[in-house]
Amino acid sequence: MRTTLHTVRNLGILAHVDAGKTTLTERILFATGATHKRGEVHEGTTVTDFDAQERDRGITIYAAAVTCSWRDHRIHLIDTPGHVDFSDEVERSLRVLDGAVAVFDAVAGVEPQSEAVWRQAQRHGVPRIAFVNKLDRAGADLDAAVGSIRDRLGTVPLVVQLPVGREDGFTGVVDLVAMRALTWDAGGTTGTDAAVPAELRAEADRRRRALEEAVAELHPGALDEFCATGALTGPTLTAALRDLTLAGAAVVVLCGSAYRNRGVEPLLDAVLAYLPAPGDVPPVRGTAADGTETERPADPAAPFTALAFKVAATATGRLTYLRVYAGTLRKGDAVRDTTAGRTERVGRILRVQADRHEAREEAVAGDIVAVVGLKSARAGTTLCAPSAPLLLEPPTVADPVVSVALEAQRGTDSAKLTTALARLAEEDPSLVVRTDPETGQTVLSGLGELHLEVAVEKLRRDHGVPVAVGRPQVSYRETVLRGVTGFVHRHVKQDGGAGQFAHVVLDVAPCPDGGFEFRSTVVGGRVPAEYVRAVAAGCRDALAEGPLGGHPVTGVRVTLTDGATHSKDSSELAFRTAGRAGLREALRASTLQLLEPVAEVTVTVPDDAVGPVLGDLAARRGRVGGSTARAGTAVVTAQVPLAELFGYASGLRSRTRGRGTFTTRPAPLAPVPSAVAAGVLGR
């Protein structure tokens, strides 16, 4: 199949855990002929959940790329994790995708992590369509799910299908654009395209009219036709839906049951109709060698430009996953690693099918491939033609919130553990490895308890290093409650040669937006601009360890109000040292508060277990935000300090006899109560 930029789609599947995204991916592969047997999550036979831990746990842990073809289009598809602990995999995938399908449970609607990944896609400007899954479940309600999309995601849902049948009787959909009924047999393998059934005609007409009116309100071209004729033709409606999707002004909503293989083919048609091709998205922007911002169009003839978004060690070697934005890459080509400043040669180019690979001679603009032979590339590395270097913005990496101390169980494995941890951190940038300066212990930090459990198990299984694991510790922060003004610090050093002199006057205050803010109000050139920048760098250095307990400092605004220099002894180094030491002393003179990471917890339990669960949340310092009833169960939301959630899964199972489930997502940092803070700082 010959493809062009307009016949390629780079697509991600996004969802909350257990919404059915991996099953949907399996059905897409089956429908497109990429596989000849439908894999099942509960049987551990899916293509994309190929890792042993994914099959054991029944969840997606690693973003997996696959390729398939549909109606003469090539689709590069990435199945992303739905668990909050692996949100960094989602972040890196969204950085290189052009479009996404957001999957929602028809019973639960918008869930915490589905909202989180939606916001991630929104931040990256990735156009989305929605697929309301599991319409065959008891309690499934398309309208309620669509209402939650409207209310919780703040978007305009445009529903283009009407279900045929309810719950167990769900057999197909009415396409409200073509006004045809699509139904499937019991096995979901044979679809029938027919006229809309008479009993659904009135409802289909009503919903088609509502769809036309909603589109006309948002799209000027559609409004002109609607005012002139009182209706919208199918082509006009399709074109308007595409425009609104690409602009992010609305989201097209489809429905079905991935498990029963109903609604998958119309979803694929919608991907081609509404989501962008690589040529439809703006040219990638980066920084050229001379420091100017430069665009690279999605053109195979342009200078080669790609971004590495994933690194994996496999039996076939070290794989670097690339999104090619511009140009053409051929086997054996030399590429410039702009991030590391070195040139390497590409040994092989592979088209990826999860854990299987197909050799290719070249990759062109719009492709997502893996390459072998690169030694320095990491996730976020820019690769480009040596003659036209460009640096792209890398994906952001979330700060770790949980840490554990690790130690090799056998003393002879210490060096092996160090090597294995370095490889883990290379493959997953959200894992941070450090050595505790006080105890000398090796500390592994990540995004959650499950994240660290998976990493430790990977050490045992894949690297053959059994380890002893300490109790998890959360990452606290310190913030300024009341600052100081006019704090003077003078740095003077004389050791026989050229001396060091820097005089700074600092104001320290809380920063309402969090983070760190530095500004200078020095006038008259008393502190040159290059020294002001050095003071700012020194202040950032000082934030690494706060005076309360050595935790990083956040939420602080520093103003350089005055200073003085020496004609011979002042330098950038002297002012950086003064900024670092001055802010440390100023923070000791300020009033600080300890902050702790908090998780928003959503607990689903049977009605008869609500009392014990609420009591347990209160004992864990949780603040309950609300409780809603849903078909014999209660859904409780609460904000709970992350430090109190260790071991919560086993506690919930015992209180609900295995019938309770919970999910978490990060919430803003919160002050630690004084009684608890005393215990934390006393450790």
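Sorted by class, the residues lining the largest cavity are 3 nonpolar, 1 polar and 4 charged. Keep in mind that this is a predicted model. So who are these residues? They are His76, Arg351, Arg360, Glu362, Ala363, Asp367, Ile368 and Val369.

Next, look at the second largest pocket. Its lining takes in 30 residues, and Arg434, Asp436, Gly549, Gly550 and His551 are the ones nearest its centre. Strands S25 (402-408), S26 (432-435), S27 (442-446) and S29 (473-474), along with helix H16 (674-681), each give two or more residues to this lining.

Here are the two spaces in one table:

| Space | Volume | Lining by class |
|---|---|---|
| Largest cavity | about 40 Å³ | 3 nonpolar, 1 polar, 4 charged residues |
| Second largest pocket | about 1100 Å³ | 12 nonpolar, 10 polar, 8 charged residues |

Now for the helices. Helix H3 (residues 87-94) and helix H4 (residues 112-124) have axes that come within 10 Å and cross at roughly 30°. Because of that angle, H3 counts as roughly parallel to H4. The crossing of H3 past H4 is right-handed. Which residues of H3 and H4 meet? From H3 come Ser87, Val90, Glu91 and Leu94, and from H4 come Gln113, Val117, Gln120, Ala121, Arg123 and His124. By class, that contact has 4 nonpolar, 4 polar and 2 charged residues.

Terms used:
Residues are numbered from 1 along each chain as its sequence is written. This is a predicted model: local features need pLDDT of at least 70, side-chain atom pairs count only at pLDDT 80 or more; totals for chains, interfaces and linings use all residues. Side-chain values use heavy atoms; hydrogens and water are left out. Axes are lines fitted to C-alpha atoms, for helices over the stretch in contact, and angles run from 0 to 180 degrees between N-to-C directions. Helices (H or I, at least four residues) and strands (E, at least two) are DSSP runs, numbered from the N terminus. Angles under 35 degrees count as roughly parallel, over 145 as roughly antiparallel, 65 to 115 as roughly perpendicular and the rest as oblique. A crossing is left-handed if the near helix is turned anticlockwise from the far one by less than a right angle, and right-handed if clockwise. Contact means heavy atoms within 4.5 Å. Ala, Val, Leu, Ile, Met, Phe, Trp, Tyr, Cys and Pro count as nonpolar, Asp, Glu, Lys and Arg as charged, and the others, Gly among them, as polar. On a 1 Å grid over the protein atoms alone, a cavity is a set of points where a 1.4 Å probe fits but cannot get out, and a pocket is an open set with protein on both sides within 12 Å along at least five of seven lines; lining residues have an atom within 4 Å of a point. Grid points are joined across faces, edges and corners, and a volume is the space filled by probe spheres set on the points.
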